[in-house]
Every structure is written in C-alpha cells, then in structure tokens.
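This report covers selected side-chain contacts, backbone angles and helix packing. The sequence and structure are shown first.

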Amino acid sequence: NDTIDKYLPAYWVKHPSIRTITFHQLLRHAAGLTTATVDYGTDYQSIRNCISTGVLNPSKSGRYGNVNFGLFRIMFAYMQDPT
C-alpha cells in the first residue's frame, strides 16, 4: 500500500492528488487516472501528462487503463537509475 509518488522522476510535475495513489490501486486499475472520456496512452509523454493532470476519478472506482501498467515501466527504470 505504498504510494507511488516517490518512485516517479523527481523532475516531473506531479499533481498533488498523485500522492494518494498506491501500487495496489495501480495494479487493480483503481487509481482514478482514467474516466469514460479520458484514457491516456502508454507512451512517455502521455504518462507524464497523466501524472501532471492527476486523479480524474476521485471515487477511484475500477476502470481499466493501460496507463496504470505503463507507469510501472517508468517507476522501475527510475528506481534503477534516478538520474
């Protein structure tokens, strides 16, 4: 249930609501990042935009979105080399 914010690149603009997202929520597609009308891509810039925009679905009801798993690519690489 650790939050993801400290595992994202420090130089990214992070919406304050990102501090509420846990790894568990990402894995369950219940992070609130997507809605019926907003579904981010998995490319670097889309993921970065998603983080700067923040949680769009405050109820964090489950909604499948590839961006949830795409974030892991960024976080794993950043954990390996945070520069």
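## Ser17 and its surroundings

The side chains of Ser17 and His15 are joined by a polar contact of 2.8 Å. A polar contact is a pair of N or O atoms within 3.5 Å; within protein, one must be able to donate a hydrogen and the other to accept it, and residues adjacent in sequence count only if both atoms are side-chain atoms. Ser17 lies in the segment before α1 (23-28). Helices (H or I, at least four residues) and strands (E, at least two) are DSSP runs, numbered from the N terminus.

Ser17 counts as buried because its relative accessibility is 16%. Buried means under 20% relative accessible area, exposed over 50%, and partly exposed in between (1.4 Å probe, protein chains only). Leaving aside residues up to four places away in sequence, Ser17 touches Gly54 and Val55; contact means heavy atoms within 4.5 Å.

## Basis of the model

The model is predicted: local features need pLDDT of at least 70, side-chain atom pairs count only at pLDDT 80 or more, and totals for chains, interfaces and linings use all residues. Residues are numbered from 1 along each chain as its sequence is written, and side-chain values use heavy atoms, with hydrogens and water left out.

## Helix α2

Which residues of α2 are buried? They are Ser46, Ile47, Cys50 and Ile51. These residues cover an arc of only 135° around the axis, so they sit on the same side of α2. The arc is that of the directions from the helix axis to the C-beta atoms. The buried residues of α2 pack against α3.

Gly54, which Ser17 touches, comes just after α2 and has a positive phi of about 90°.

Most residues other than glycine have a negative phi. His29 has a positive phi, near 60°, and is placed in the loop between α1 and α2 (44-53). At 10% relative accessibility, His29 is buried.

Lys60 is not a glycine either, and its phi is positive at about 50°. This residue is in the loop between α2 and α3 (66-80). With a relative accessible area of 15%, Lys60 is buried.

## Salt bridge

The count comes to 1 salt bridge, where a salt bridge is a side-chain nitrogen of Lys or Arg within 4 Å of a carboxyl oxygen of Asp or Glu. Lys6 and Asp2 form a salt bridge through their side chains, at 3.1 Å from N to O. Asp2 counts as partly exposed because its relative accessibility is 32%.
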